[in-house]
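Keep the sequence and the 3D view open side by side. The text below walks through them step by step.

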Amino acid sequence: MEPADLVLQDARIINVFSGDIHDGSVAVANGTVVGIGDYKGRETFDLHGAFLAPGFVEGHIHIESSMLTPPEFARAVIPHGTTTVVADPHELANVLGLEGINFMIAQSENLPLSVFFMIPSCVPSSPLETSGAVLSAREIHYFVNEANVLGLGEVMNYPGVLAGDAALLEKLLAAGEKRIDGHCPGLRGKDLSAYILAGIKSDH
């Protein structure tokens, strides 16, 4: 049997599915955990009974609301175990539009933190808002095929979905086969059914 690239010995392994703690060693090969047990490795680290957990995934965040650029945000969260985030740059897009989104994507490259993006669906968030930019279906389509873009960010204009607002429905169509996140506080019954049928798969 080929040795693993890395073996982490004498760990207290946190099972995030069952909540149990398992004593043992973890083997890693080609960047993938390949097993728990007695393994040989090209490189071995003894954890001396320290807790070992998978990297935490932040499923929804506005990095710019932390007042940090992605590199500084990574520096702050990685030591606490967060290895991946799904960012919706809504706040920055509200001010700078395409330029703001491009900035966030470029700043997130080559970081030790994996950053994926949901493209903001509601810029501005309402017609009553004074914003620095407007994102239409055309701008959303511009980003949607990027490898690190997972889909369309929280569709907070749920009244527009229910009213069949043409510009908003075009944005939903622009997401193609990618995920569409929702934001529909208090929506129930037939209205919620209609919202889901528009292709929205979650609620903020």
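This is a predicted model: local features need pLDDT of at least 70, side-chain atom pairs count only at pLDDT 80 or more; totals for chains, interfaces and linings use all residues.

Residues are numbered from 1 along each chain as its sequence is written, and side-chain values use heavy atoms, with hydrogens and water left out.

Begin at helix α3, residues 137–144. Helices (H or I, at least four residues) and strands (E, at least two) are DSSP runs numbered from the N terminus. Ala137, Glu139, Ile140, Phe143 and Val144 of α3 are buried. Buried means under 20% relative accessible area, exposed over 50%, and partly exposed in between, with a 1.4 Å probe and protein chains only. Arg138 and Tyr142 are exposed, on the face of α3 turned away from the buried side.

What do the buried residues of α3 pack against? Their partners are α2 (90–107), β8 (114–119), β9 (149–155) and α5 (166–174). Contact here means heavy atoms within 4.5 Å.

Now take the helix pairs. Two packed helices are described by the angle between their axes and the distance between the axes. Axes are lines fitted to C-alpha atoms, for helices over the stretch in contact, and angles run from 0 to 180 degrees between N-to-C directions.

For α2 and α3, the angle is about 15 degrees and the axes are 11 Å apart. That makes α2 roughly parallel to α3. Angles under 35 degrees count as roughly parallel, over 145 as roughly antiparallel, 65 to 115 as roughly perpendicular and the rest as oblique. On the α2 side, Leu98, Ile101, Asn102 and Ile105 meet Glu139, Tyr142 and Phe143 of α3. By class, this contact of α2 with α3 has five nonpolar, one polar and one charged residues. Ala, Val, Leu, Ile, Met, Phe, Trp, Tyr, Cys and Pro count as nonpolar, Asp, Glu, Lys and Arg as charged, and the others, Gly among them, as polar.

The pair α3 and α5 packs at an angle of about 10 degrees, with axes 9 Å apart. α3 and α5 are therefore roughly parallel to each other. Here Ala137, Ile140, His141 and Val144 in α3 meet Glu170, Lys171 and Ala174 in α5. The classes in the contact of α3 with α5 are four nonpolar, one polar and two charged residues.

Next, the loops. Lys40 lies in the loop between β3 (32–36) and β4 (41–46). Is Lys40 buried or exposed? Lys40 is exposed, at 69% relative accessible area. Leaving aside neighbours within four places in sequence, Lys40 is in contact with Pro3, Ala4 and Val7. Pro3 is found in the segment before β1 (4–14). Pro3 counts as partly exposed, at 32% relative accessibility.

Finally, look at the backbone. The peptide bond from Val123 to Pro124 is cis, with omega near 0 degrees. Pro124 is in the loop between β8 and α3. Met67, not a glycine, has a positive phi near 65 degrees. Met67 lies in the loop between β6 (56–61) and α1 (70–77), and is exposed at 73% relative accessibility. Asn110 also has a positive phi, about 60 degrees, although it is not a glycine. Asn110 sits in the loop between α2 and β8, and is exposed with a relative accessible area of 80%.
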